[in-house]
Every structure is written in structure tokens, then in C-alpha cells.
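Good morning, colleagues, and thank you for making time for this presentation.

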Amino acid sequence: MSVEAEIRAILSRVVTGLDGNMVLKDAELLESGVDSLDFATLLLEVQEAFDVTLPPGQEDDFDTLGKLIAFVESAKK
């Protein structure tokens with residue numbers, strides 16, 4: 001499974017009633033039906049799933065699916 005597909009699956013699992021496949025990569029997550037608690041949970045789940053650590057204090061920099069995917073892909077290289 002690709003990084004993008006796995007992150008979208010995590011998003012679908014974390015946010016009740018949201019299909020992660022329908023979220024545009026450049027849409028802000030907090031404006032796509034993701035509340036702040038869901039956002040925090042998503043970031044934690046992604047870090048655990050891919051064994052990566054987001055830079056401390058920069059969590060808000062990953063406000064779109066595309067930015068989160070790009071970070072994980074670059075961190076996994």
C-alpha cells in the first residue's frame with residue numbers, strides 16, 4: 001500500500017463519516033470535516049504507522065493531506 005493510500009485509510013478510520021479518499025490533497029484538513037481532536041489523532045496514528053516523528057511545535061504545518069504525505073514520503077527515504 002502506498003503512503004498516500006495508507007494515510008487516507010487512517011483518515012477514514014479516525015474521522016467518523018469521512019471518506020479519506022474524497023479529501024483533496026491541497027484542502028485544509030480542518031475545513032474538510034476534521035476537527036482538532038481528529039487532527040491530533042491523525043497525526044499520532046500516522047507517526048505510529050510509519051515510525052516517523054513530526055518536528056515538535058510544527059504540527060500545524062501539516063494542515064493538508066498533501067503536506068502530510070510529502071513529509072512521510074521524504075522521512076521514509
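Predicted model: local features only at pLDDT ≥ 70, side-chain atom pairs only at ≥ 80, totals over all residues.

I begin with Ser32, whose side chain reaches the backbone oxygen of Glu28 at 2.9 Å. Ser32 is placed in the loop between helix 1 and helix 2. If we set aside its neighbours within four places in sequence, Ser32 is in contact with Leu18, Val23 and Ala27.

The loop between helix 1 and helix 2 also holds Asp19.

I turn now to the loop between helix 2 and helix 3, where Thr64 is found. Thr64 has a relative accessibility of 8% and therefore counts as buried, the cut-off being under 20%. Which residues does Thr64 contact, leaving aside its neighbours within four places in sequence? They are Lys25, Asp26, Ala27, Glu28 and Leu29. Two of these names have already come up: Ala27 is in contact with Ser32, and the backbone oxygen of Glu28 is reached by the side chain of Ser32. The side chain of Thr64, for its part, reaches the backbone nitrogen of Lys67 at 3.1 Å.

Asp51 is found in the loop between helix 2 and helix 3 as well. Although Asp51 is not a glycine, it has a positive phi of about 55 degrees. Its relative accessibility is 70%, so Asp51 counts as exposed, whereas Thr64 counts as buried.

Let us proceed to the packing of the helices. How do helix 1 and helix 2 cross? The axes of helix 1, residues 3–14, and helix 2, residues 36–50, come within 10 Å and cross at roughly 140 degrees. That angle makes helix 1 oblique to helix 2, because only angles over 145 degrees count as roughly antiparallel. The crossing of these two helices is right-handed. On the side of helix 1, the contact is made by Val3, Glu6, Ile7, Ile10, Leu11, Arg13 and Val14. On the side of helix 2, it is made by Asp38, Thr41, Leu42, Glu45, Val46, Ala49 and Phe50. Sorted by class, this contact of helix 1 with helix 2 has nine nonpolar, one polar and four charged residues.

Helix 1 also packs against helix 3, at an angle of about 130 degrees and with the axes 10 Å apart. Helix 1 is therefore oblique to helix 3. This crossing, too, is right-handed. Which residues meet here? Val3, Glu4, Ile7, Arg8 and Leu11 in helix 1 meet Leu65, Leu68, Ile69, Val72 and Glu73 in helix 3. By class, the contact of helix 1 with helix 3 has seven nonpolar, no polar and three charged residues.

Notes:
Residues numbered from 1 in each chain as written. Heavy atoms only, no water. Axes fitted to C-alpha atoms, helices over the stretch in contact; angles between N-to-C directions. Helix = DSSP H or I, 4+ residues; strand = E, 2+ residues; numbered from the N terminus. Parallel < 35°, antiparallel > 145°, perpendicular 65-115°, else oblique. Left-handed = near helix turned anticlockwise from the far one by under 90°. Contact = heavy atoms within 4.5 Å. Nonpolar A, V, L, I, M, F, W, Y, C, P; charged D, E, K, R; others polar. Buried < 20%, exposed > 50% of the residue type's maximum accessible area, 1.4 Å probe, protein only. Polar contact = N/O pair within 3.5 Å; in protein donor to acceptor, adjacent residues only side chain to side chain.
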